[in-house]
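Here are my notes for you on this one. Have a look at the model first, then go through the points with it open beside you.

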Amino acid sequence: MARSSSGVIVAALTAAALAGVGFLAFQAEAAPDKPQASHASAQGGAKDENKDKNDPAGAGTGDGSGKDSGAQATLPEVPAGSGAGKRVVYAVGQKRVWLVGADGKATHSFEVAPSAVNPVPGPYAVTSRSATGTGSDGKAIEHVVRFHTNPAGVVFGFSAAVDGSLPDPAAAGKKTGAVRETPADGRAMWDFALNGTKVVVVA
């Protein structure tokens with residue numbers, strides 16, 4: 001009889017212990033500070049990833065150069081009938097120059113201040129260059145690129161005033177053929193138009 005009572009007590013204690021362990025395990029599982037790999041978090045990560053793919057502001061549109069290609073200004077169209085290949089195109093009427101690459105696309109275009117005498121439309125070529133000089137207006141000039149001398153002895157060429165000025169050569173009353181650029185444009189012309197480079201003048 002005593003042995004039977006002891007067995008009942010042991011069984012009861014065992015059951016109570018198992019119940020306690022089960023309760024503790026339930027509390028641990030339900031604890032708010034337990035780190036979990038939440039399904040909601042995984043969904044949030046997927047949403048953020050999709051946002052980067054679909055949102056240009058999030059994904060970025062730059063090419064890594066630090067410049068936004070979309071902000072670059074579109075160059076004016078190269079005049080029709082100005083030839084093909086690498087060339088300098090000078091539109092007298094527009095007072096504008098284009099530097100056109102071998103692929104036929106302009107890499108640079110800028111306005112100029114023409115002289116009193118304009119060259120006759122047609123094809124020419126760079127004949128000589130001078131790093132520095134003095135303009136017909138007495139200004140110190142640089143990056144002189146000459147491309148033609150007419151029968152009257154008027155020399156036509158591009159140049160830039162060192163001080164950056166763009167005077168009106170026609171006001172001086174002299175028959176000159178200089179085409180004045182800004183210093184930056186003069187540098188671009190100097191780097192592009194080596195001796196023999198084609199120069200096409202259009203009306």
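1. Start with confidence: the mean pLDDT of the chain (pLDDT is the predictor's confidence in each residue, from 0 to 100) is 75, and 62% of the residues reach 70 or more. Over residues 1-72 the pLDDT is below 50, and beyond near neighbours in sequence this stretch has seven contacts in the model (a contact means heavy atoms within 4.5 Å).

2. Some ground rules. This is a predicted model, so local features need pLDDT of at least 70 and side-chain atom pairs count only at 80 or more, while totals for chains, interfaces and linings use all residues. Residues are numbered from 1 along each chain as its sequence is written, and side-chain values use heavy atoms, with hydrogens and water left out.

3. Now find the open sheet: four strands in the order E5-E6-E7-E8, with mixed pairing. Strands (E, at least two residues) and helices (H or I, at least four) are DSSP runs numbered from the N terminus, and two strands pair if DSSP finds at least two bridges between them. E5 (128-134) and E8 are the edge strands, each pairing on one side only.

4. Which way do the neighbours run? E6 and E7 are antiparallel, joined by six bridges, and Thr149 has Val155 in E7 as its bridge partner. E7 and E8 run parallel, with five bridges; here Phe156 is partnered by Gly177 in E8.

5. Is E8 mostly covered or mostly open? Mostly covered: four of its five residues are buried (buried means under 20% relative accessible area, exposed over 50%, partly exposed in between, with a 1.4 Å probe and protein chains only).

6. Leu166 sits in the loop between E7 (155-161) and E8 (177-181). With a relative accessible area of 45%, Leu166 is partly exposed. Leaving aside neighbours within four places in sequence, Leu166 touches Arg180, Glu181 and Thr182. Thr182 is 16 residues away in sequence, but 7.1 Å away in space, C-alpha to C-alpha.
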